[in-house]
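Dear colleague,

I am passing on to you the structure that we talked about, and I would be grateful if you could look through it with my notes beside you. The notes follow directly below it.

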Amino acid sequence: MDSGKLKKIVQQLAVMHAVESLIAYRAAKKRGKNPKLYMALTAVFGVFVLVPLLRKPKLGK
């Protein structure tokens, strides 16, 4: 694998984790969890934190 392709993959991964972090922030707020914590965890671990969070029920208003 050449270095250009590897660099592109790493950049795409960084962008995907940033987007996932924003989704986790909003989802955690709706579920009564600490949004900053889930944003940070998702930035590091990605979908392994996001998917279980999205499966939790939302708080009723």
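Thr42 is found in helix H2, where a helix is a DSSP run of H or I with at least four residues, numbered from the N terminus. Thr42 counts as buried because its relative accessible area is 0%; buried means under 20% relative accessible area, exposed means over 50%, and partly exposed lies in between, with a 1.4 Å probe and protein chains only. A polar atom of the Thr42 side chain lies 2.7 Å from the backbone oxygen of Tyr38, which can be read with the definition of a polar contact in mind: a pair of N or O atoms within 3.5 Å, where within protein one must be able to donate a hydrogen and the other to accept it, and where residues adjacent in sequence count only if both atoms are side-chain atoms.

Please keep in mind that this is a predicted model, in which local features need pLDDT of at least 70 and side-chain atom pairs count only at pLDDT 80 or more, while totals for chains, interfaces and linings use all residues. Residues are numbered from 1 along each chain as its sequence is written, and side-chain values use heavy atoms, with hydrogens and water left out.

Ser21 belongs to helix H1, and it is classed as buried because its relative accessibility is 3%. Its side chain reaches the backbone oxygen of His17 at 2.8 Å, and a polar atom of that side chain also lies 3.2 Å from the backbone nitrogen of Ala43.

Ser3 is likewise placed in helix H1, but with 62% relative accessibility it counts as exposed. Between the C-alpha atoms of Ser3 and Leu54, which are 51 residues apart along the chain, the separation is 35 Å.

On the surface, Val44, Phe45, Val47, Phe48 and Val51 form a nonpolar patch with about 510 Å² of accessible area together. Accessible areas come from the Shrake-Rupley method with a 1.4 Å probe, and for residues only the protein chains shown count as cover. Helices H2 (35-45) and H3 (47-55) each supply at least two residues of this patch, and the largest share, three residues, comes from H3.

With kind regards

Technical notes: Patches are made of residues with over 30% relative accessible area and no salt bridge: like charges are joined within 9 Å, nonpolar side chains (Val, Leu, Ile, Met, Phe, Trp, Tyr) within 5 Å. A salt bridge is a side-chain nitrogen of Lys or Arg within 4 Å of a carboxyl oxygen of Asp or Glu.
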